Amino acid sequence: MSIPALTIPLREMILKYPYLEDFFISLGLKDYHVDLSCAEYVDQLSDGQIEDLGMDREQLISNYTEYFQKMAEIALRTTERVRSITIIGGRDKTGQAENLSFTMKTGDIICVVGPTGSGKSRLLADIECLAQRDTPTGRQILINDSVPNEDKRFTVEHKLIAQLSQNMNFIMDLTVQEFITMHAESRMIENVEETVQSVIVCANELAGEKFSLDTPVTSLSGGQSRALMIADTALLSSSPIVLIDEIENAGVDREKSLELLVKEEKIVLMSTHDPILALMGHKRMVIKNGGISQIVETCAQERSNLMLLQQFDGTMIRLRNMIRSGEKIDFDIKNLFGL
Amino acid sequence: MKLVTVSGPPSSGKTSVILKAIECLKQESYKIGVIKFDCLTTFDNILYEKVDVPVKVGLSGNLCPDHFFVSNIGDCVRWGLMENFDLLISESAGLCNRCSPHIKDILAVCVIDCLAGVNTPKKIGPMLKLADIIVITKGDIVSQAEREVFFFKAKQANPKAMIMSVNGITGQGAFDLSRRLKDTVEIANLELKRLRFTMPAALCSYCLGETQIGEDYQMGNLKKMDFEVFS
Ligand SMILES: Nc1nc2c(ncn2[C@@H]2O[C@H](COP(=O)(O)OP(=O)(O)OP(=O)(O)O)[C@@H](O)[C@H]2O)c(=O)[nH]1
Ligand SMILES: [Mg+2]
């Protein structure tokens, strides 16, 4: 791939691969729409210009070819789709064997429970680096039932876990539309505008209060931010696994959020001790002493309890809305809860 | 002994990341020492000493910090060998974004944080563009979208580097980094090694102590901004 990339005139290359333009822009170069090949172009740059780039000519050309290859890989999406992730047990902190092989498939919602410091971050780290019995836990991770290639382990395009937590905030000085567009462009997808639209429509379905395209992301409310983060992760993130660290029970529809992620074929991992969220999961992974101590499947009784809990939750939301609109809660609320 | 150069903008999380990686390596009874290069002051030595990591501080004061680095790194290596370290880590804050302490054939790590803004990877020179590993910190406080965009921009700025995300507080990701540090080459000295990129072409009158502003006082290697209206 590298040889034609270097000999074809830049003007032609950029026309064919528009993302090449960013390479020159990011180096602060101008006048690169020329009928010179990359090698010729680099040759005619002055020594002063080269000095300012912080790279010598050879490094510049080798970066250019590498850039071209990496971007082409992302744009072509040559990577295999992740359908399942398997955790083959290692040992906990006391050296006790985990004795399990647990497979998570797209569309699964799996809750991770256990006290802080019990080993959740170690588990995530194992998944993220595709541990092959070479981390302190001795676990092994399989993708689509087989051992992943070593070269998959550390590249951006293969990042496995997208993370969502309450501590996360938007920090960019952009409007909702500009922000999502930027993300879409970095994914090098074809129908940017359309995708941006659907992210925003989706986010508004999840958010308690609607927001418009031209709202700055930094001025969204907590619920709106969370809704946008969820919709964006569902529709635009390349990672097959979404890790959610609780979703607060305000300003965002939690059930719809999970439905969306499942529909988009994500593997949802949710770290939560909220009974409603936990019971919405299909399974619960119980972490203890740095190891997975058991897998609990949500049973029929738990599912019917979930319905009851959701009714209570609905009533609480109604009461909250009454307070918001200035009403009084001065009547007997026992009936509301069926007491 | 192995040597690794870690650089990155001020407060990007270099010390936090190094400490987390050291934690992983110590479990394998690695003997590690650190050199901290800075300009005026640093309190990093206290952080390293707290966890019993031998540390030496080099302050460049009124010299260019990167020139100071090159003139001292050889002695640092000698010190490390004398102390029988398995690994010597040099931490230096890249102050003008232009230079880099990276040496050919010596593992070079650049630490940047997500809070720095998406154009940061573009703006940082050889320190990032010629690094082997780019570590991105503080992903825990920004959105997934911003993290992904930031990764992409870092990849664009240095397509060859391995990009890793490390949380300097919880240590998530530090194990992977520690493995890369372990895999690097053994050295006996830095004789004949070269910097990956030239230091800035300095030596103007101001390098030599001039303080007066004005055309008549500017001498030596100068570069002027281009204001079309003046010409
Ligand atoms: N939230 C969060 N904070 C971090 C992370 N990494 C580092 N920090 C914090 O960022 C601040 C600066 O971290 P340092 O490790 O001292 O940064 P440094 O690059 O060594 O700084 P200098 O050596 O002074 O240039 C500290 O308050 C750290 O606790 C991270 O991943 N997440
Ligand atoms: Mg430091």
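## Three domains in chain A

In this predicted model, chain A splits into three pieces: domain 1 covers residues 4-78, domain 2 covers 84-298, and domain 3 covers 299-339. Let's look at how domain 2 and domain 3 of chain A sit together. Their C-alpha centres are 29 Å apart, and the contact draws on 11 residues from domain 2 of chain A and 9 residues from domain 3 of chain A.

Which residues of domain 2 of chain A lose the most area to domain 3 of chain A? They are A:I276, A:L279 and A:T298, and together they make up 56% of what the domain 2 side buries.

There's some polar contact here too: 4 residue pairs link domain 2 and domain 3 of chain A this way, both partners being at pLDDT 80 or more. On the domain 2 side, helices α11 (254-263) and α12 (275-280) of chain A each give at least two of the residues that touch domain 3 of chain A. The largest share, 4 residues, comes from α12(A). Sorted by class, this side of domain 2 has 5 nonpolar, 2 polar and 4 charged residues.

## Salt bridges

Oppositely charged side chains can pair up when their charged atoms get close. Over all chains, the structure holds 19 salt bridges. How many of them run between domain 2 and domain 3 of chain A? The count is 1. As for a particular pair, the side chains of A:E302 and A:R284 form a salt bridge, with N to O at 2.8 Å.

Another one to find is A:E265 with A:R81, where the closest N and O atoms are 3.3 Å apart. A:E265 is in the loop between α11 and β7 (267-271) of chain A, while A:R81 is in the loop between α6 (57-76) and β1 (84-88) of chain A, so this pair ties together parts that are 184 residues apart in sequence.

## The magnesium ion

Now over to chain B. What coordinates the magnesium ion (ligand 2)? The donors are B:T15 (OG1), B:D44 (OD) and B:E91 (OE), at 1.9 to 2.1 Å. Along the sequence, these donor residues follow the spacing T-x28-D-x46-E.

Conventions
Residues numbered from 1 in each chain as written. Chains lettered and ligands numbered in written order. Predicted model: local features only at pLDDT ≥ 70, side-chain atom pairs only at ≥ 80, totals over all residues. Heavy atoms only, no water. Domains from an automatic or database assignment. Contact = heavy atoms within 4.5 Å. Buried area = accessible area lost by both parts, 1.4 Å probe. Salt bridge = Lys/Arg side-chain N within 4 Å of Asp/Glu carboxyl O. Polar contact = N/O pair within 3.5 Å; in protein donor to acceptor, adjacent residues only side chain to side chain. Nonpolar A, V, L, I, M, F, W, Y, C, P; charged D, E, K, R; others polar. Donors = N, O, S within 2.8 Å, 3.2 Å for Na, K, Ca; no water.
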